[in-house]
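Here is a short report for a reader new to this structure. Take a look at the sequence and the model before reading on.

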Amino acid sequence: MSREVRAFAVTVLALATLGIGAGLLWSAVSPRAPYQVTERGLVLADLSTQALIAADGWYAVITGGLGLLCGAAGWFAGRRWMLGVLAGLGVGGSAGAALTYWVGSTFTIGAVTVEAAAVPGVKIVPGALALTANGVAVAWPLLAVGLFGLLEGMHGYRESPLRQPYGEGPLSGPTGVPLGGPTGGPLGGPADGPLDGPADRPLDGPADRPPDGPLGGGDGPVRG
């Protein structure tokens, strides 16, 4: 049990650390939407801008790719502690996705430029990164856990006896015993025995029938 807990903790810590780097990458590659500075605060300057959609797309690509990578690495490296690693992928993936959003929306990497219609006397500034499609936030844990389960299912199928094609090999029961019986005899009885009775025994009477005679019964008379 302690190994499962250790595997869970290591997995969560590793994915959370990746979330910091993913956030910096998201901040570096995602465009910023143009905002206009007004007396009421920042207002989106261009309602037709694609920057908001692009930010969602880059977030999904980065976190989804890390989810697939973590799921595959977790299965190959941690199958011996399956429950701990699987739970760590779910929790760590959620933590990594949250850290990706926080780091990307808080820190700005590189030079940021925005494009908007030039209006005299209007100041345009780049806005902070944000997600408009909140569903992409679950891409990391969902893909990590899903790929882990898919790989485990494929491995279990490869090791399963059900993979044997129909019609190949002898008919056998669940324990590998032939359907004719444990001794390999025909379906009618034990091995080497005829179908109509036990082996080495005639059908018309007992095997040690006494001979005919005066005292043995049979066809002779009974004498007193």
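Is Thr63 buried or exposed? Thr63 is buried, because its relative accessible area is 1% (buried means under 20% relative accessible area, exposed over 50%, partly exposed in between, with a 1.4 Å probe and protein chains only). This is a predicted model, in which local features need pLDDT of at least 70 and side-chain atom pairs count only at pLDDT 80 or more, while totals for chains, interfaces and linings use all residues. Residues are numbered from 1 along each chain as its sequence is written, and side-chain values use heavy atoms, with hydrogens and water left out.

Thr63 lies in helix α2, residues 51-78. Helices are DSSP runs of H or I with at least four residues, strands are runs of E with at least two, and both are numbered from the N terminus. Beyond its neighbours within four places in sequence, Thr63 touches Thr100, Val136, Ala139 and Trp140 (contact means heavy atoms within 4.5 Å).

Gly88 belongs to helix α3. With 0% relative accessibility, Gly88 is also classed as buried. Setting aside neighbours within four places in sequence, its contacts are Phe8, Thr11, Val12, Leu15 and Gly93. Take Leu15: 73 residues separate Gly88 from Leu15 in sequence, yet their C-alpha atoms are 8.5 Å apart in space.

**How the helices pack**

Helix α3 (residues 82-106) packs with helix α4 (residues 139-159) and with helix α1 (residues 2-29). Axes are lines fitted to C-alpha atoms, for helices over the stretch in contact, and angles run from 0 to 180 degrees between N-to-C directions.

| Helix pair | Axis separation | Angle |
|---|---|---|
| α3 and α4 | within 7 Å | roughly 155° |
| α1 and α3 | 6 Å | about 25° |

The angles set the labels. α3 and α4 are therefore roughly antiparallel, and α1 and α3 are therefore roughly parallel. Angles under 35 degrees count as roughly parallel, over 145 as roughly antiparallel, 65 to 115 as roughly perpendicular and the rest as oblique.

The α1 and α3 crossing is right-handed. The contact of α1 with α3 holds 18 nonpolar, 12 polar and one charged residues. Here Ala, Val, Leu, Ile, Met, Phe, Trp, Tyr, Cys and Pro count as nonpolar, Asp, Glu, Lys and Arg as charged, and the others, Gly among them, as polar.

α3 also passes α4 in a right-handed crossing. A crossing is right-handed if the near helix is turned clockwise from the far one by less than a right angle, and left-handed if anticlockwise. On the α3 side, the residues that meet α4 include Met82, Leu86, Gly93 and Thr100. Among their partners in α4 are Trp140, Ala144, Phe148 and Glu152. By class, this contact of α3 with α4 has 10 nonpolar, five polar and one charged residues.

**The sheet**

Three strands make an open antiparallel sheet, in the order β2-β1-β3. The edges are β2 (41-44) and β3 (124-126), each with a single partner strand, so one side of each lacks a neighbour in the sheet. On average, neighbouring strands are turned by 45° against each other, direction ignored.

Strands pair if DSSP finds at least two bridges between them. β1 and β2 run antiparallel and are joined by four bridges. One pairs Thr38 with Gly41 in β2. A hairpin of two residues connects β1 to β2. Strand β1 (residues 34-38) also pairs with β3, again antiparallel, over three bridges. There, Gln36 has Ile124 in β3 as its bridge partner.
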